[in-house]
Amino acid sequence: MSPTGFTLHGFFRSSTSFRVRIAMNTKGLDYEQQTYVLRKGEQRSTPYLAINPQGLVPALKVPDGETLTQSLAILEWLEERFPEPPILPAEAQSRARVRALAQIIALDVHPLNNLRVLGYLSTTFSASEEAIATWFRHWATLGFEALEAELSESPATGRFCHGDEVTIADICLVAQSVNNRRFKLDETPYPTIRGIVETCLSLPEFDRALPEKQPDAA
């Protein structure tokens, strides 16, 4: 069976935690979950700051006792440490494309939709819930328009973002797409994205990682 001793520090609704859950499932790795309720600020508690001084989830404690942070770095570590099944292509140019697709979401869209950013809009600028949702949809729309153009026009796109195998691009895309639903972002204009997301969510590795299926979702 898979190696044991992994502890995933995260939150069921966190899209970055969602990414790591998908990757762990894809690699066939068992893990325990330690929950930090973000809206209660538990990720800024003294015990968690001792794990991750940045006060963000996820953090992954690995069997040798080290703790990894930042979801993309965790995904890359999992790929290097447990290369089968791969979540990055073998060829250098293909790997660059997959990383670029993932980073559209992880670096350009998600940070502007992060809870601490949305909370700052509320507390510092007195933004209403509707204004915050509008902010979210604006940045997510820009990212998804660019992503749809790349995916729909590139011959490298297959059943998934790159060819017919799951990669970190799909992992990031699905986590963001599911998060978008909470803010009622209409993904109808993005048929290629919608098709890839539906294909991914038909896989048990993705389905088991869904926020509503986590033990802390109750």
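A salt bridge is a side-chain nitrogen of Lys or Arg within 4 Å of a carboxyl oxygen of Asp or Glu. By this rule the count is five. This is a predicted model, in which local features need pLDDT of at least 70, side-chain atom pairs count only at pLDDT 80 or more, and totals for chains, interfaces and linings use all residues. Residues are numbered from 1 along each chain as its sequence is written, and side-chain values use heavy atoms, with hydrogens and water left out.

| Pair | N to O distance |
|---|---|
| E79 and K27 | 2.5 Å |
| R99 and E76 | 2.9 Å |
| R97 and E150 | 3.0 Å |

R97 sits in helix α4 and E150 in helix α6 (residues 129-153), so this bridge ties together parts 53 residues apart in sequence. Helices here are DSSP runs of H or I, at least four residues, and strands are runs of E, at least two, numbered from the N terminus. R97 is buried, at 14% relative accessible area. E150 is partly exposed, at 31%. Buried means under 20% relative accessible area, exposed over 50%, and partly exposed in between (1.4 Å probe, protein chains only). E79 and K27 are both buried.

N52 lies in the loop between α2 (46-51) and β3 (59-61). N52 is buried, with a relative accessible area of 5%. A polar atom of its side chain lies 2.8 Å from the backbone oxygen of L56.

Helix α7 covers residues 168-182. Of its 15 residues, 13 are buried, so α7 is largely enclosed by the rest of the structure. K184 follows α7, with a positive phi near 55°.

Notes. Polar contact = N/O pair within 3.5 Å; in protein donor to acceptor, adjacent residues only side chain to side chain. Expected span 1.5 Å × (residues − 1).
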